[in-house]
Amino acid sequence: MTEKTSGWRALAAGGDSAAYGPQRIVCLTEEPTEWLYLLGEERRIVGISGYTVRPPRARDEKPKVSAYLSAKIDKIVELRPDCVIGFSDLQADIAAQLIRHGIQVTIFNQRSVAEIFSMLYQLAAMVGQVERGLGLIRRMQQRLLEIEQAAASLKRRPRVFFEEWHDPHISCIAWVSELVGIAGGDDCFPELAKEPMGKGRIIADGLEIVRRAPDIIFGSWCGKKFRPELVAARPGWENVPAIKNNQLFEIKSSEILQPGPASLTDGVEKLHKLIMDWGRQHG
């Protein structure tokens with residue numbers, strides 16, 4: 001009797017929900033890796049993205065098999081995963097190659113805070129950790145409510161420009177815009193946040209940012225160090241309130257542009273602290 005034909009009998013005899021779902025997972029982005037560690041299911045992970053920094057020990061414990069737009073297909077195949085987890089249409093080509101090798105691929109496409117929570121729930125269910133996952137999710141949701149309530153005490157909400165990229169200027173994606181709002185600020189470009197692709201959030205005329213007069217500028221340049229001095233030196237930007245008052249801050253992309261646990265915890269906490277600090281200075 002082969003392993004595949006006997007597998008269901010082992011499941012029937014065991015009654016262990018953790019035995020269901022994928023046992024050998026490759027994560028093409030950081031957020032499923034961090035979440036599986038938080039769920040205590042890191043044993044299932046057999047490969048990770050080279051951009052993974054959360055949790056730090058994952059880089060030492062797991063082989064790195066992908067970037068963001070590329071992957072070591074042969075290496076992934078050698079790892080014999082029973083599921084590869086990725087994110088968005090940007091990884092569609094990687095997914096197609098793996099599917100042609102007969103590998104199960106799950107591509108999530110979460111773009112809002114609600115969709116991030118949905119992804120976390122689905123992945124927890126995949127590895128038999130619904131209750132633990134829901135517990136962690138509810139704690140994150142409760143903290144977001146507390147942050148939102150604290151931000152309600154601001155006498156004036158600051159106008160916030162969140163720059164995902166500088167050349168060209170790209171404004172923030174939906175979940176970041178939402179978190180700015182929860183933290184106490186108002187996104188200067190809310191109409192762009194709903195655009196799922198970066199090209200849809202390009203601000204061709206940098207002076208339009210000047211006209212919207214942000215009180216705070218956050219930068220998260222997709223893995224590249226944010227340079228506030230370069231922003232302050234942009235021609236015509238000298239009277240922007242954020243520049244006049246030295247309110248330019250970096251939020252690391254691993255903490256806010258990762259549509260998973262990081263943005264809902266460390267990312268929003270940093271946004272909130274800096275916005276509340278601004279409020280105390282300008283109340």
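Trainee: Why is Asn 246 called exposed?
Mentor: This is a predicted model, so every value here is computed from it. The relative accessible area of Asn 246 is 59%. Exposed means over 50%, so Asn 246 is called exposed.

Trainee: Is Ser 88 buried or exposed?
Mentor: Buried. Its relative accessibility is 2%, and the cut-off for buried is under 20%. Ser 88 also has a positive phi, near 75 degrees. Its place is the loop between β4 (83–87) and α5 (92–100).

Trainee: How many aromatic pairs are counted?
Mentor: Four. Phe 162 and Phe 218 form one of them, 6.4 Å centre to centre with 45 degrees between the planes.

Trainee: Why is the pair of Phe 162 and Phe 218 called tilted?
Mentor: The centres must lie within 6.5 Å, and 6.4 Å passes. Stacked needs planes under 30 degrees apart, edge-to-face over 60. The angle is 45 degrees, so the pair is tilted. The pair links distant parts of the chain: Phe 162 is in strand β6 (residues 159–166) and Phe 218 in strand β10 (residues 216–219), 56 residues apart.

Trainee: What makes Phe 162 buried?
Mentor: Its relative accessible area is 0%. Phe 218 counts as buried too, at 0%. Ring pairs link Phe 162, Phe 218 and Phe 249 into a cluster.

Trainee: Why is the pair of Trp 221 and Phe 226 called edge-to-face?
Mentor: The planes are 80 degrees apart, and the label needs over 60. The centres are 5.0 Å apart. Both residues are buried.

Trainee: How do you know that the charged end of Arg 234 sits over the ring of Trp 237?
Mentor: It is 4.7 Å from the ring centre. The limit is 6 Å, with a further condition on the angle to the ring normal.

Trainee: What makes Glu 208 and Arg 211 a salt bridge?
Mentor: The closest N and O atoms are 2.9 Å apart, and the limit is 4 Å. Both residues lie in helix α10 (residues 206–211), three residues apart, about one turn. Glu 208 is partly exposed at 23%, whereas Arg 211 is exposed at 53%. Glu 191, Asp 205 and Arg 212 join these two in a network of salt bridges.

Trainee: Which residues form salt bridges with Asp 277?
Mentor: Lys 273, with the closest N and O atoms 2.9 Å apart, and Arg 280, at 2.5 Å. Asp 277 and Lys 273 are four residues apart in helix α14 (residues 261–282), so about one helical turn separates them. Asp 277 and Arg 280 are three residues apart in that helix. Lys 273 is exposed at 52%, and Arg 280 is exposed at 60%.

Definitions and conventions: Residues are numbered from 1 along each chain as its sequence is written. This is a predicted model: local features need pLDDT of at least 70, side-chain atom pairs count only at pLDDT 80 or more; totals for chains, interfaces and linings use all residues. Side-chain values use heavy atoms; hydrogens and water are left out. Rings of Phe, Tyr and Trp (its six-membered ring) pair if their centres lie within 6.5 Å; planes under 30 degrees apart count as stacked, over 60 as edge-to-face and the rest as tilted. Helices (H or I, at least four residues) and strands (E, at least two) are DSSP runs, numbered from the N terminus. Buried means under 20% relative accessible area, exposed over 50%, partly exposed in between (1.4 Å probe, protein chains only). A charge sits over a ring if NZ of Lys or CZ of Arg is within 6 Å of the ring centre and within 35 degrees of the ring normal. A salt bridge is a side-chain nitrogen of Lys or Arg within 4 Å of a carboxyl oxygen of Asp or Glu.
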